[in-house]
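Please find below a short note on the model, arranged as numbered points. The sequence and the coordinates come first.

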Amino acid sequence: MLDFRYHALSLVAVFLALAIGIVLGVTIGNSLVTDAERSLRGNLRADVEKAHTDAAKAQAAVAGRDRMLDQLYPELVATRLSAERIGVVSWGPLPSNIEGGVRDAVNKGGGRIDSISVFDKPLTALKQALGPDLFAAETADDESLKALGRSLARALTSGGRVAHTLQSAFPDDFSGRFRRADAIAFYEAPKPDDGSDGDGVKERKDDRAQTIETAMLGELAKHTIAVVGVEATSTDPSQIPRYESLKLTGTSDSVDVSGGRIAAVFGLAGASGNYGLKPTADQPLPDEALAP
């Protein structure tokens, strides 16, 4: 009887010890987890606050840079484009901040906008406006399309029948004197990647348009001081790689702000290279802008 009670008490003691251990373990564990959670939250809060502080400092630095360039801009570009006429050409819709940026740059550089040309109509519309003598049938071969591109370039730099025809047919897209363009500011709108209609029709149309565009830009380069590709700081995706593939004279990746406008003026005056604020830029400004 005594042995049974002893064993029973021993078992009770063991289970009691286990229960106490579990309670203590849970309590201590919860305390440790709570402390760890508090520490993690504190570290995360500190990291977020530091990130906000760093971002504020970076924004202040950018704002300071932009204010400095705003002050230097008029003096740096003054007379750089004296007596020059500039043509603005857009392959696709021309955003107002691009047009406004180029206009301001040309004006402050002492130049003059000769014409603005926006190629934002289907090829069938161009064909209808220009007629079959300039725009062959829709199945035209590459040589016919290249010839059209060269004709368009000559119209943009020196006017003539083609320029007047485009102005009459598309007055909202083609404006200005079309008398003489000494340099060209070129913009190409980013294209949505929307594929084809299933039979490759869209790709074939795009190929024809690109053939015309490439031939036009090549001919423009022969008849002008420079063909400068421009875009805004917000252009997405950036068109600078596209401009490089088209072998333009130079680029300015931020023509909507003073730094990019300075670069655009020097590019239109003949400085070659990629300039601006994006990673694609060779440097922010051409060397000529910093020369005494």
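1. In strand 7, G273 is the bridge partner of G250. That bridge belongs to the pairing of strand 6 (residues 250-252) with strand 7, which is parallel and runs over 3 bridges; two strands count as paired if DSSP finds at least two bridges between them.

2. On provenance, the model is predicted, so local features need pLDDT of at least 70 and side-chain atom pairs count only at pLDDT 80 or more, while totals for chains, interfaces and linings use all residues. Residues are numbered from 1 along each chain as its sequence is written, and side-chain values use heavy atoms, with hydrogens and water left out.

3. The chain contains 9 helices and 7 strands. These elements are DSSP runs numbered from the N terminus (helices: H or I, at least four residues; strands: E, at least two). Of its 292 residues, 39% count as buried, where buried means under 20% relative accessible area, exposed over 50%, and partly exposed in between (1.4 Å probe, protein chains only).

4. The sheet is open and has 7 strands in the order 3-2-1-4-5-6-7, with mixed pairing. Strand 3 (174-176) and strand 7 (273-275) are at the edges; each has a single partner strand, so one side of each lacks a neighbour in the sheet. From one strand to the next, the twist averages 15°.

5. How do helix 2 (residues 96-108) and helix 8 (residues 258-268) pack? Their angle is about 65° and their axes are 9 Å apart; axes are lines fitted to C-alpha atoms, for helices over the stretch in contact, and angles run from 0 to 180 degrees between N-to-C directions. Helix 2 contributes G101, D104, A105 and V106 to the contact, and helix 8 contributes R261, V265 and L268 (contact means heavy atoms within 4.5 Å). These residues of the contact of helix 2 with helix 8 comprise 4 nonpolar, 1 polar and 2 charged; Ala, Val, Leu, Ile, Met, Phe, Trp, Tyr, Cys and Pro count as nonpolar, Asp, Glu, Lys and Arg as charged, and the others, Gly among them, as polar.

6. Which residues of helix 5 (residues 161-169) are buried? They are V162, A163 and L166. Seen down the axis of helix 5, the buried residues fall within an arc of 100°, so they line one face of the helix; the arc is that of the directions from the helix axis to the C-beta atoms. The cover over the buried residues of helix 5 includes helix 3 (123-130), helix 4 (142-158) and strand 3. Exposed residues R161 and S168 lie on the face of helix 5 turned away from its buried side.
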